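Welcome! Please take a moment to look over the sequence and the model below, and then we can walk through the main features together.

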Amino acid sequence: MVLVCFALQLQTEGLERTPQPPERGASAPGASPIPLRSIGLAPGESQVKSASRFYRKDFTLPILAALNQAAPAYPTVTLPMSYETEQENFWSGNFGDEYTERNQGALHEAALLHFFSEVLGHTGRIGSAIEFGANRGLNLSTLRRLLPEVELAAIEINESAVAHLRTLPGLDVKAQSILEFDPARTYDLALIRGVLIHVNPEKLSEVYDRLYRSSHKFILVAEYYNPTPMALPYRGHQERLFKRDFAGEMLDRFPELSLRAYGFRYRRDPLFPQDDISWFLLEKSRM
Ligand SMILES: C[S@@+](CC[C@H](N)C(=O)[O-])C[C@H]1O[C@@H](n2cnc3c(N)ncnc32)[C@H](O)[C@@H]1O
């Protein structure tokens, strides 16, 4: 009975039942493909016990010991990755999977064409771009339609989104968190859209640094704007959505950046509605 309750509890608290690709984490030999990433598994420690360490800290060891004995394989349970911040775990797990399913549609694609046409009017032709938090690649596909020759890269934490990205020809997919990304080269454009609003505010400066280091010309920041930092509920979740002047903070942080252009996309736009996004095109001065 205790075992059944435990299993039900795991499922209602966001555990996935979809196997994860093996390279994303170690799992106990012969057991389910749980991506037990960076959680410090001791040799021979079971998945069920490790899962509890992250997701059910209040479970007592005797219950775990019983579980390990009675259900050593626990074959279908998979866990979201364990990242440093709660926000990364949130996007790498079920919420991100469901978002990826929702994030499509011809009207949205038309609005993106309109949006990127305007942005490219300010940048001129670009040869390469990297997107931070690309989801299924709608922004990058739009760029490719407008600039068939452009070289593209994407960083994405959610594996179902990564699976979509991998179907896009010629795209360099970096399946990892932005907070782990170490830029090895620079691009004409580094872009981030609807992602800084979901990053743990304490980690924002790390993302700003990576955006800055990834670009030698332009940085596009398209996010929800507020002059002062604020948090607001997001689909019933707390601490998952934040608004502030992200681009202004980058301008303050990096004296070599200047504001090239900015604008707003309104959700009530009769032709090309978008989600009340303020966008800022920052330009890096040549050094
Ligand atoms: C709201 S969606 C925006 C997607 C896309 N940029 C767009 O404009 O449609 C946020 C995306 O960022 C990804 N993401 C969130 N935090 C991330 C992180 N720390 N590292 C990499 N990707 C992240 C999510 O998985 C999701 O695909």
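Which residues point one way from β1, and which point the other way? Ser128, Ile130 and Phe132 point one way, while Ala129 and Glu131 point the other way. Every one of these residues is buried. Keep in mind that this is a predicted model. With that strand as a starting point, here is a tour of the rest.

**The overall picture**

- The protein's secondary structure comes to ten helices and nine strands.
- Of the 287 residues in the protein, 36% are buried.
- If you take the contacts between residues at least 6 apart in sequence, 62% of them join residues at least 24 apart.

**The sheet**

- Seven strands make up an open sheet, and their order is β3-β2-β1-β4-β5-β9-β8.
- The pairing in this sheet is mixed.
- At the edges you will find β3 and β8 (257–265), each of which pairs on one side only.
- From one strand to the next, the twist averages 15°.

**β1 and its two partners**

- β1 is mostly covered, with five of its five residues buried.
- On one side of the story is β2, which pairs with β1 in the parallel sense over five bridges.
- In that pairing, Phe132 stands opposite Ile155 in β2.
- To get from β1 to β2, the chain crosses through α7, and this β-α-β crossover is right-handed.
- β1 also pairs with β4 in the parallel sense, here over four bridges.
- Glu131 is the residue that stands opposite Leu191 in β4.

**From β2 to β3**

- β2 and strand β3 (residues 171–175) are parallel and pair over five bridges.
- Ala154 has Val173 as its bridge partner in β3.
- The chain passes from β2 through helix α8 (residues 159–165) to β3, and this β-α-β crossover is right-handed.

- Strand β4 (residues 187–193) and strand β5 (residues 215–223) run parallel and are joined by six bridges.
- Opposite Arg193 stands Ala222 in β5.
- Helix α9 (residues 204–214) lies across β1 (128–132), β4 and β5, and runs at about 140° to β5.
- Is Arg210 buried or exposed? Arg210 counts as buried because it has 21 C-beta neighbours inside 10 Å, and the cut-off for a buried residue is 20 or more.
- Arg210 touches Ile178, Phe181 and Pro183, leaving aside residues up to four places away in sequence.
- Between Arg210 and Ala190 there are 9.4 Å in space, C-alpha to C-alpha, and the two are 20 residues apart in sequence.

**Around the ligand**

- The ligand is surrounded by 21 residues, and the closest are Gly133, Asn135, Ile157, Asn158 and Arg193.
- The residues of the shell divide into nine nonpolar, nine polar and three charged.
- Asn135, one of the closest residues, lies in the loop between β1 and α7.
- Asn135 counts as buried because 26 C-beta neighbours lie inside 10 Å.

- Asn135 has a phi near 50°, a positive value in a residue other than glycine.
- Arg235 is another residue other than glycine with a positive phi, near 50°.
- You will find Arg235 in the loop between β6 and β7 (242–243).
- Arg235 is exposed because it has 9 other C-beta atoms within 10 Å, and a residue counts as exposed at 12 or fewer.

**A closer look at Tyr224**

- Where does Tyr224 sit? Tyr224 is in the loop between β5 and β6 (230–231).
- Tyr224 counts as partly exposed because it has 18 C-beta neighbours inside 10 Å.
- Not counting residues up to four places away in sequence, Tyr224 touches Ile197, Lys243 and Asp276.
- Tyr224 and Ile277 are 53 residues apart in sequence, yet they are 5.4 Å apart in space, C-alpha to C-alpha.

Terms used. Residues are numbered from 1 along each chain as its sequence is written. This is a predicted model: local features need pLDDT of at least 70, side-chain atom pairs count only at pLDDT 80 or more; totals for chains, interfaces and linings use all residues. A residue is near a molecule or strand if its C-beta atom, placed from the backbone, lies within 6 Å of it. Ala, Val, Leu, Ile, Met, Phe, Trp, Tyr, Cys and Pro count as nonpolar, Asp, Glu, Lys and Arg as charged, and the others, Gly among them, as polar. Two strands pair if DSSP finds at least two bridges between them. Helices (H or I, at least four residues) and strands (E, at least two) are DSSP runs, numbered from the N terminus. A crossover is right-handed if, with the strands pointing away from the viewer, the path from the first strand over the helix to the second runs clockwise. Axes are lines fitted to C-alpha atoms, for helices over the stretch in contact, and angles run from 0 to 180 degrees between N-to-C directions. Two residues are in contact if their C-beta atoms, placed from the backbone, lie within 7 Å.
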